[in-house]
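Welcome, and please open your viewer. We will go from stop to stop, selecting a few residues at a time and looking at what is there.

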Amino acid sequence: MQSSGPSLTARAPAPSRRMVATAAASVVFALLLVWSATGTAAPASGPVVSTGTASLGRVLITGSGQTLYLFEKDKSGKSACAGKCAQFWPPLIASGKPIAAAGAKASLLGTTKRADGRTQVTYNHHPLYTFVKDTKKGQTNGEGIDVFGGEWYAASPAGTEIEKPTSGGG
């Protein structure tokens, strides 16, 4: 028995390359949304700590090149700088895990909880700060200042204080 009408096994026209590409992109986008929502996406990156050269020699710096400082009043990895102090010496705050780069040691990086609840980056158990009067890369205007109950020192790549040489006028 032959049918005079259209065949039931007729094929639909093949989809265009553009339609296939659009469908594939939609699937990839949907998978990325699901992947992100499940928490398997890469964690937010935190602040970068590396080393740079300043008049004092090699110092720890932020990702943007600002010198990082230690405060001698800080004890047991806890910050003693808050309020007005933190306005002049902004703490290096972490929104994700801190990253060691270019001469900084990942094994010395850590964090501490500040009194205001924020997370501050530490290096060799010292909370880290920048200084508001360091406006350009390599500046160390906060070096040796005695204010807010203690002295401030640029942080070395070993995580210790760097003191100005006594014979040089720096």
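Which residues form a disulfide, and how far apart are their sulfur atoms? Select C81 and C85: these two form the disulfide, with 2.0 Å between their sulfur atoms. Before going further, please keep in mind that this is a predicted model.

**Stop one: the disulfide**

Stay with C81 and C85 for a moment. C81 is buried, because its relative accessible area is 1%, under the 20% cut-off. C85 has 4% relative accessibility, so C85 counts as buried too.

**Stop two: the salt bridges**

Side chains of opposite charge can pair when their charged atoms come close. How many salt bridges does the structure hold? There are two, and R114, D116 and R118 are linked by them in a network.

Begin with D116, which takes part in a salt bridge with R114; here the closest N and O atoms are 3.9 Å apart. Then turn to R118: its side chain meets that of D116 in a salt bridge, at 2.9 Å from N to O.

With the surface back on, colour these residues by accessibility. Is R114 buried or exposed? R114 counts as buried, because its relative accessibility is 7%. D116, at 46% relative accessibility, counts as partly exposed.

**Stop three: a negative patch**

For the last stop, select E72, D146, E161 and E163 and keep the surface on. Together, E72, D146, E161 and E163 form a negative surface patch. Zoom in on D146 and switch to a cartoon view: D146 lies in strand 8, which covers residues 146-147. Why does D146 count as exposed? Its relative accessibility is 56%, and exposed means over 50%.

To finish, show the three selections together: the disulfide of C81 and C85, the salt-bridge network of R114, D116 and R118, and the negative patch that includes D146.

Conventions. Residues numbered from 1 in each chain as written. Predicted model: local features only at pLDDT ≥ 70, side-chain atom pairs only at ≥ 80, totals over all residues. Heavy atoms only, no water. Disulfide = S-S within 2.5 Å. Buried < 20%, exposed > 50% of the residue type's maximum accessible area, 1.4 Å probe, protein only. Patch = residues over 30% accessible without salt bridge, like charges linked within 9 Å, V, L, I, M, F, W, Y side chains within 5 Å. Areas by Shrake-Rupley, 256 points an atom, 1.4 Å probe, with all protein chains shown as cover. Salt bridge = Lys/Arg side-chain N within 4 Å of Asp/Glu carboxyl O. Lys, Arg positive; Asp, Glu negative; His and termini not counted. Charge placed at Lys NZ, Arg CZ, Asp CG, Glu CD. Helix = DSSP H or I, 4+ residues; strand = E, 2+ residues; numbered from the N terminus.
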